[in-house]
Amino acid sequence: MSDEMREGEIALSFDPAKAEPDAGVIFIGRIRSPWNERKDCPRNTAPSFATGADGMIEIDEAYRAGMKGLEDAKHVFVLYWMDKARRDLIVQNPGHSDGPRGVFSLRSPIRPNPIALARVEVTGIDKEAGTIGIRGMDCLDGTPLLDVKPYIARNDTEASSGK
């Protein structure tokens, strides 16, 4: 992780990782992927299924009952904690942009709360082992898992919103 700043970037005046938390989260498992370094992870510029990367979600034993009914899911949303990401920039100057942008207009892992969201394809489920085979993950191996939610097309597409 580089602490290097680009022109136009603005750092927070405090370290969010050391601030008094407003709430707590519990990691419910880990994500297994082929990547051990951030530079090797695919960028979130196209559907991550395009990378063809297979991975695995490992649910801790205490939370495995929560997998009941998931066998019908073809895709799931995965919320995860980017534990290796910087948390200090509020304005960034990404290489793909025409200038500095606020963190809330980017999908960069560098953010005050390094929470990420990915929609992945389910390739298999083993409830007893607590694993969900997935395709299309874009995070580092061992990334802490916050939650898994089913993708429901009738609710999760723009057409379903009535706009």
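Strands S2 and S9 run antiparallel and are joined by three bridges. Here a strand is a DSSP run of E with at least two residues, numbered from the N terminus. Two strands pair if DSSP finds at least two bridges between them. Within this pairing, Gly29 stands opposite Leu145 in S9.

The model is predicted: local features need pLDDT of at least 70, side-chain atom pairs count only at pLDDT 80 or more, and totals for chains, interfaces and linings use all residues. Residues are numbered from 1 along each chain as its sequence is written, and side-chain values use heavy atoms, with hydrogens and water left out.

**The barrel**

S2 and S9 belong to a barrel that six strands close, in the order S2-S3-S8-S7-S4-S9. The pairing is antiparallel. On average, neighbouring strands of this sheet are turned by 45° against each other, direction ignored.

| Pair | Residues | Bridges |
|---|---|---|
| S2 and S3 | 29-32 in S2; 54-59 in S3 | four bridges |
| S4 and S9 | 75-81 in S4; 143-150 in S9 | five bridges |

Val78 stands opposite Val148 in S9.

**Faces of S2**

In a regular strand the side chains alternate between the two faces of the sheet. Strand S2 shows this pattern: Gly29 and Ile31 point to one face and are buried. Buried means under 20% relative accessible area, exposed over 50%, and partly exposed in between (1.4 Å probe, protein chains only).

**The core**

The largest nonpolar core has 22 residues. Such a core is a set of buried Ala, Val, Leu, Ile, Met, Phe, Trp, Tyr and Cys residues joined through side-chain atoms within 4.5 Å. Val78, Tyr80 and Met137 have the most contacts inside the core. S3, S4, S7, S8 and S9 each supply at least two of its residues. The largest share, four residues, comes from S7.

Val78 touches several residues beyond four places in sequence, including Ile31, Ile57, Met137 and Leu145. Contact means heavy atoms within 4.5 Å.

**Lys127**

Lys127 lies in the loop between S7 (115-126) and S8 (131-135). Lys127 is partly exposed, with a relative accessible area of 39%. Leaving aside neighbours within four places in sequence, Lys127 is in contact with Arg64, Met67, Lys68 and Glu71. Lys127 and Glu61 are 66 residues apart in sequence and 9.8 Å apart in space, C-alpha to C-alpha.

Notes
Axes are lines fitted to C-alpha atoms, for helices over the stretch in contact, and angles run from 0 to 180 degrees between N-to-C directions.
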